[in-house]
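Colleague: Could you show me how to read a structure like this one? I am new to it, so please go slowly.

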Amino acid sequence: MKRILHAMLVAVIAVAATTIMLLAGAEAAAQTRPTEQVYTTVDRQPEFPGGKAALSQYLAANIRFPSALMRKNYNTGPVAAKFIVDKLGDVRDVRVTTKPLGRKMQKGMQEFMTTIIAAVEKMPRWRPGQVNGQSVSVFYTLPIEVNMQ
């Protein structure tokens, strides 16, 4: 009984630590502006300077896939960066979502997510989204595709 309780406690601590680590980078940078409206549906979506091709090149140049995950041929599953492109085109409140992490791959995936957050946070100013011809803040989801070929 004592071993079962110990194992359960270790599992709970591991899950809590992982959650804190995943959110620490994003939450440290996330400062919600209480009076600002953030749109999910807009007339014109925000756009990275140079369009989708330039965005793909930027991500390829700035996101490192950890060698530990590559050696194990680890399938990350769906990964997405979620952030706000504000009405000036600045990117903020970056978060990364992924499938639940196995214990063996937590460190490698944490490293991968950290590089994604860093790359997104240092992006150049986007063309902001618009509603009725006015620039607005938009919640944006950017799928991150991993191609190990």
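Colleague: Which residues form one aromatic cluster?

Modeller: Rings of Phe, Tyr and Trp (its six-membered ring) pair if their centres lie within 6.5 Å; planes under 30 degrees apart count as stacked, over 60 as edge-to-face and the rest as tilted. Here F48, Y58, F83, W126 and Y140 form one cluster. This is a predicted model, where local features need pLDDT of at least 70 and side-chain atom pairs count only at pLDDT 80 or more, while totals for chains, interfaces and linings use all residues. Residues are numbered from 1 along each chain as its sequence is written, and side-chain values use heavy atoms, leaving out hydrogens and water.

Colleague: How many aromatic pairs does the structure hold?

Modeller: There are 6 aromatic pairs. In one of them, the ring centres of F48 and Y58 are 5.5 Å apart with planes at 45°, so this pair is tilted. Another joins F65 and F112, with centres 5.1 Å apart and planes at 80°, so that pair is edge-to-face. F65 sits in the loop between α2 and α3 (67-71) and F112 in helix α4, 47 residues apart; helices (H or I, at least four residues) and strands (E, at least two) are DSSP runs, numbered from the N terminus.

Colleague: Are F48 and Y58 buried or exposed?

Modeller: Buried means under 20% relative accessible area, exposed over 50%, partly exposed in between (1.4 Å probe, protein chains only). Both F48 and Y58 are buried. F112 is buried too, at 2%.

Colleague: Which residues of α2 are buried?

Modeller: They are G51, A54, L55, Y58 and L59. The face turned away from them carries the exposed K52, A53, Q57, A60 and A61.
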